[in-house]
Amino acid sequence: MFYELAAPSWGTEEIEAMQRVIASGRFTMGEQVAAFEREFAAYFGMKHGVMVNSGSSANLVAVASLFYKKDRPLERGDEVIVPAISWATTYHPLQQYGLKLRFVDVELDTLNIDVAKLEQALTPKTRAIVAVSILGNPAALDVMRAFADAHGLYFIEDNCESMDAELNGKKAGTFGDLNTFSFFFSHHISTMEGGMILTDDLELAHLCRSMRAHGWTRDLPPDTPLYERRSSDHFEAYRFILPGYNVRPLELEGAVGREQLKKLPAMTAQRRKNLVLFQELFAGDERFIIQRENGVSSAFSFTVILNPARNPDREKVFAALKGADIGFRIITGGCFLRHDVLKHYDYDTVGAIENAYLAHDLGFFVGNHPHDLTPQITRLREVLDRACR
Ligand SMILES: Cc1ncc(COP(=O)(O)O)c(C=O)c1O
């Protein structure tokens, strides 16, 4: 394809790292995963990293951990404020744990939650906010953090799409009590499948560690605040304290993650160079609404919303993109309110939801890669210009 949605970011280093793991014969979670957790947390200046087998699992374990905190645990029926656009597994764990979702519209330009509506979203039952920075562009994480603190809410950052983005000199994925990341193919770094939770809270980190692996105690240090050790090692080796999962990552994924992390700054820099070109070519053209950066985007991809004021024909645009061999897709998971699965949810909406529907119905994204895309982005501009005349 002339312009792919996603491109591989591995070199020989990742293959060699996998070969070293294969030669070691240790495939289940071990030293490589532990080292990657430490290095990843250090890169973001956070205290604890807990790796899991996907970003979705990171969200699941993060939400679950809040139900088992000693003080002020979440309870079924509590409410959580969420943006109307995100990926399905931002929301599913909230449904699975019996929370009620309150959907807030997004801004049409940033594609992130409209924080002007937070006050309206708040009820006496609100206990948490889930923030999502869409496709590399930081949401108003500072505003949401302050709002959460002012109202005693938990703040979860689903940062699966915006690794290495920054707001006010602070990385996205470090504002939350719990912050989640994805290492799926096409994301900023890839471990095939994989995810991470970052937190500065020791209790939450230990809850996540236990939740990740059967709800057992084996991966916790002896001085953990979660439980009192008994004298019998025989019992302690298989001691279950939480209704957990098995969402452990593989040692291969940890080893690859370490190599990918070393390359992250250079890959982000290249993604941003591509973004600058995209912005130069599209900014100011009123036919296209492109993502307005809030802070410093890590440019997962490039979004285009056809300006509703011009009565656009998206099918014609899609046909032109197909004809030009340019990959495109829905923005993240689109407006979640459009999806059938919602019939299984307890939810309501905060005021009118308009922009998320517009983004769903008139938007799409094309890929960004950690290498130079000048010919691809230039061609994209020509194709869209012609299709929208
Ligand atoms: C915002 C968001 N959250 C969660 C996920 C899930 O990550 P994974 O595919 O690693 O399960 C994604 C996936 O792209 C995502 O975009």
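How do the residues of the lining of the largest pocket divide into nonpolar, polar and charged? I take that up in the second point, after a word on the model itself.

1. Please keep in mind that this is a predicted model.

2. The lining of the largest pocket comprises 10 nonpolar residues, 12 polar ones and four that are charged. In total, 26 residues line this pocket, and the space inside comes to about 440 Å³. If you want to centre your view, go to Trp 87, Ser 182, Phe 184, His 187 and Arg 329, which lie nearest the centre of the pocket.

3. Which helices supply at least two residues each to that lining? They are helix H3, spanning 55–66, and helix H4, spanning 88–96. H3 gives the largest share, with three residues.

4. Next, have a look at the open sheet of three strands, whose order is E10-E11-E13 and whose pairing is antiparallel. Strand E10 (288–290) and strand E13 (363–367) form its edges, each pairing on one side only. On average, neighbouring strands here are turned by 30° against each other, direction ignored.

5. Within this sheet, strand E11 (residues 301–306) is joined to E13 by five bridges in the antiparallel sense.

6. Helix H10, residues 314–323, lies across E11 and E13 and runs at about 15° to E13. Helix H11, residues 355–362, also packs on the sheet and touches E11 and E13, but its direction makes about 60° with that of E13.

7. How many cavities of 30 Å³ or more does a search of the whole structure find? The search finds three, and the largest cavity holds about 100 Å³ of space. Its lining consists of 13 residues, with Leu 275, Gln 279, Gln 291, Ser 301 and Phe 302 nearest the centre. Helix H9 (251–282) and E11 are the elements that give two or more residues to this lining, so E11 of the sheet turns up here again. By class, the cavity lining has six nonpolar residues, six polar ones and one charged.

8. Is Glu 236 buried or exposed? Glu 236 has a relative accessible area of 5%, so it counts as buried. This residue lies in helix H8, residues 233–236. Leaving aside neighbours within four places in sequence, Glu 236 is in contact with Thr 217, Tyr 227, Glu 228, Arg 229 and Arg 230.

9. Leu 111 is not a glycine, yet its phi is positive, at about 70°. Leu 111 sits in the loop between strand E3 (100–104) and helix H5 (118–121), and with a relative accessible area of 1% it is buried. Asp 325, likewise a residue other than glycine, has a positive phi near 65°. Asp 325 belongs to the loop between H10 and strand E12 (347–349). Its relative accessibility is 35%, so Asp 325 counts as partly exposed.

Conventions:
Residues are numbered from 1 along each chain as its sequence is written. This is a predicted model: local features need pLDDT of at least 70, side-chain atom pairs count only at pLDDT 80 or more; totals for chains, interfaces and linings use all residues. Side-chain values use heavy atoms; hydrogens and water are left out. Two strands pair if DSSP finds at least two bridges between them. Helices (H or I, at least four residues) and strands (E, at least two) are DSSP runs, numbered from the N terminus. Axes are lines fitted to C-alpha atoms, for helices over the stretch in contact, and angles run from 0 to 180 degrees between N-to-C directions. Contact means heavy atoms within 4.5 Å. On a 1 Å grid over the protein atoms alone, a cavity is a set of points where a 1.4 Å probe fits but cannot get out, and a pocket is an open set with protein on both sides within 12 Å along at least five of seven lines; lining residues have an atom within 4 Å of a point. Grid points are joined across faces, edges and corners, and a volume is the space filled by probe spheres set on the points. Ala, Val, Leu, Ile, Met, Phe, Trp, Tyr, Cys and Pro count as nonpolar, Asp, Glu, Lys and Arg as charged, and the others, Gly among them, as polar. Buried means under 20% relative accessible area, exposed over 50%, partly exposed in between (1.4 Å probe, protein chains only).
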